[in-house]
Number of protein chains: 2
Amino acid sequence: MTRFAFKIEYHGAPFSGWQRQLNEPSVQRAIEVALEKIVVGSHVVIVAGRTDSGVHALGQVAHCDLETTLSPHRLMAAMNYHLRPNPIAILDCAPVADDWHARFSAIERRYLYRILMRRSPATLSRGLVWQVRKRLDIVAMQKAAKYLVGYHDFTTFRSSTCQADSPLRTLDALHIEAVTGLAGDELHIHAKARSFLHKQVRSLVGTLERVGAGAWLPEDARTALEAHDRSACGPVSPPTGLYLAQVRYLADPFDMNNRGSE
Amino acid sequence: MTRFAFKIEYHGAPFSGWQRQLNEPSVQRAIEVALEKIVVGSHVVIVAGRTDSGVHALGQVAHCDLETTLSPHRLMAAMNYHLRPNPIAILDCAPVADDWHARFSAIERRYLYRILMRRSPATLSRGLVWQVRKRLDIVAMQKAAKYLVGYHDFTTFRSSTCQADSPLRTLDALHIEAVTGLAGDELHIHAKARSFLHKQVRSLVGTLERVGAGAWLPEDARTALEAHDRSACGPVSPPTGLYLAQVRYLADPFDMNNRGSE
């Protein structure tokens with residue numbers, strides 16, 4: 001039995017999220033079905049970050065124990081073959097130690113949130129961004145973001161159904177970048193933390209948007225944070241703009257140098 | 001009666017191309033149907049560049065004569081409303097002179113072609129790029145592109161069904177840019193000319209790809225050009241990577257400064 005780590009990209013639109021659910025298409029189920037066609041038996045794939053319905057991934061990480069003599073490269077090719085036509089791609093695959101864990105070994109998650117600022121309806125980037133009709137004030141948003149970075153009680157910025165034991169988290173970075181896309185000006189919000197609470201990024205982005213639109217002052221983000229009250233949060237931003245960008249480990253399992261004799 | 005110019009963005013996938021066809025969804029028909037809901041009567045929209053099935057547009061331009069008192073801004077908003085859920089957006093709208101012509105007044109067309117270089121299947125950019133599985137040699141491609149720029153007989157690089165009177169065209173620019181996309185490394189090929197022949201950009205790109213893949217030498221692109229023979233062309237690249245990026249006029253109809261007293 002070998003434990004394999006996978007780096008995974010997907011388009012969130014057709015799925016009810018990462019997690020397997022009865023009668024709902026999920027990324028997890030699609031990958032497990034593909035694996036069943038390659039390795040006899042049923043398989044359970046463990047993920048670093050369970051994404052919600054509609055949320056995308058550029059670099060999700062998962063692991064699975066498999067009884068196979070296939071090389072990582074052949075396994076990845078077979079998975080990509082059987083995953084079609086799902087918009088899910090295995091970007092990388094590597095054997096890892098038996099006690100390596102996609103979720104518990106992770107030391108950092110990075111999310112990207114894309115906001116498209118324009119009046120006309122999105123066509124080419126539809127479903128890949130959150131479209132807002134007015135230009136947002138990036139300087140005000142950056143000011144608000146500074147209040148939110150650090151070790152805080154993020155009760156305001158987590159879903160009321162969040163199952164984490166504690167609302168305390170350290171938000172290592174929350175920065176906003178202006179990007180010229182093919183279909184208009186975008187803001188890319190980059191969030192970095194060891195771990196996030198449920199709907200934390202979308203809650204933070206929703207509040208930043210209120211600041212950027214001028215409806216809130218930058219200081220109102222601090223007031224909301226300090227309220228420790230879910231009802232003090234701005235509107236939660238839609239899943240279409242959110243991407244799980246990267247999951248980091250002490251040693252990168254996909255770095256050839258960490259694979260020992262392979 | 002006022003002649004209006006429109007700047008239009010669309011996702012090419014659902015359409016059989018720009019041009020209205022019986023029993024086939026077309027961008028032209030979708031826009032004319034939207035206009036019929038706003039201004040009484042039937043309308044014919046004239047376009048700068050007829051795009052083929054599956055080809056996208058970032059900045060297509062068209063015009064139409066309309067009996068309306070709506071301001072350009074209101075007309076655009078109404079068109080975008082009635083175009084839903086088609087992935088077509090009116091980005092700009094302006095009144096123009098009665099003898100202004102989207103096609104015949106154009107002095108330059110710019111196309112963008114996106115190639116995604118990676119092994120894993122595309123997910124987020126599926127349908128928006130041409131995916132090739134190997135890295136292409138951009139330096140070799142740039143060398144080949146130099147042979148193709150200029151005033152030439154482009155018989156090799158036009159569709160056998162191209163209806164233009166002459167295969168002579170001046171290709172003003174054909175340059176290749178390396179771009180780091182969210183889903184991997186891309187090459188963006190930028191082509192610029194007063195006008196293009198049918199399938200010219202996709203024929204040029206298909207030949208450049210052969211050079212980038214090492215199957216052709218850069219000089220083979222020159223040999224193909226000088227053959228003046230369609231069968232000397234490399235494979236035509238798929239429509240998914242092609243975007244009509246911009247159409248230029250002596251005076252930009254969408255520049256407020258050119259709208260006189262409006």
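Student: What does K143(A) count as by relative accessibility?
Tutor: K143(A) is partly exposed, at 45% relative accessibility. Buried here means under 20% relative accessible area and exposed means over 50%, with partly exposed in between (1.4 Å probe, protein chains only). This is a predicted model, in which local features need pLDDT of at least 70 and side-chain atom pairs count only at pLDDT 80 or more, while totals for chains, interfaces and linings use all residues. Residues are numbered from 1 along each chain as its sequence is written, chains are lettered from A and ligands numbered from 1 in the order in which they are written, and side-chain values use heavy atoms, leaving out hydrogens and water.

Student: Which residue forms a salt bridge with K143(A)?
Tutor: E219(A) does, with the closest N and O atoms 3.6 Å apart. The rule asks for a side-chain nitrogen of Lys or Arg within 4 Å of a carboxyl oxygen of Asp or Glu. K143(A) sits in helix α3 (residues 138-148) of chain A and E219(A) in helix α5 (residues 218-227) of chain A, so the pair ties together parts 76 residues apart in sequence. Helices are DSSP runs (H or I, at least four residues), as are strands (E, at least two), numbered from the N terminus. E219(A) is partly exposed too, at 26%.

Student: And E32(A), buried or exposed?
Tutor: E32(A) is buried, at 1% relative accessibility. The side chain of E32(A) meets that of R20(A) in a salt bridge of 2.7 Å, N to O. R20(A) is partly exposed, at 37%.

Student: How many salt bridges over all chains?
Tutor: The count is 22.

Student: New topic. How many salt bridges cross the interface of chain A and chain B?
Tutor: Two. E9(A) forms a salt bridge with R118(B), with the closest N and O atoms 2.8 Å apart.

Student: What area is buried between chain A and chain B?
Tutor: About 2,200 Å², with 61% from carbon and sulfur atoms. Buried area is the accessible area (1.4 Å probe) that two parts lose on being put together, summed over both. T123(A), L124(A) and L182(A) supply 30% of what chain A buries against chain B, more than any other three residues.

Student: And in the largest nonpolar core, which residues touch the most other members?
Tutor: F6(B), I31(B) and I115(B), out of 73 residues. A second, separate core has 72 residues, including I8(A) and V205(A). Such a core is a set of buried Ala, Val, Leu, Ile, Met, Phe, Trp, Tyr and Cys residues joined through side-chain atoms within 4.5 Å.
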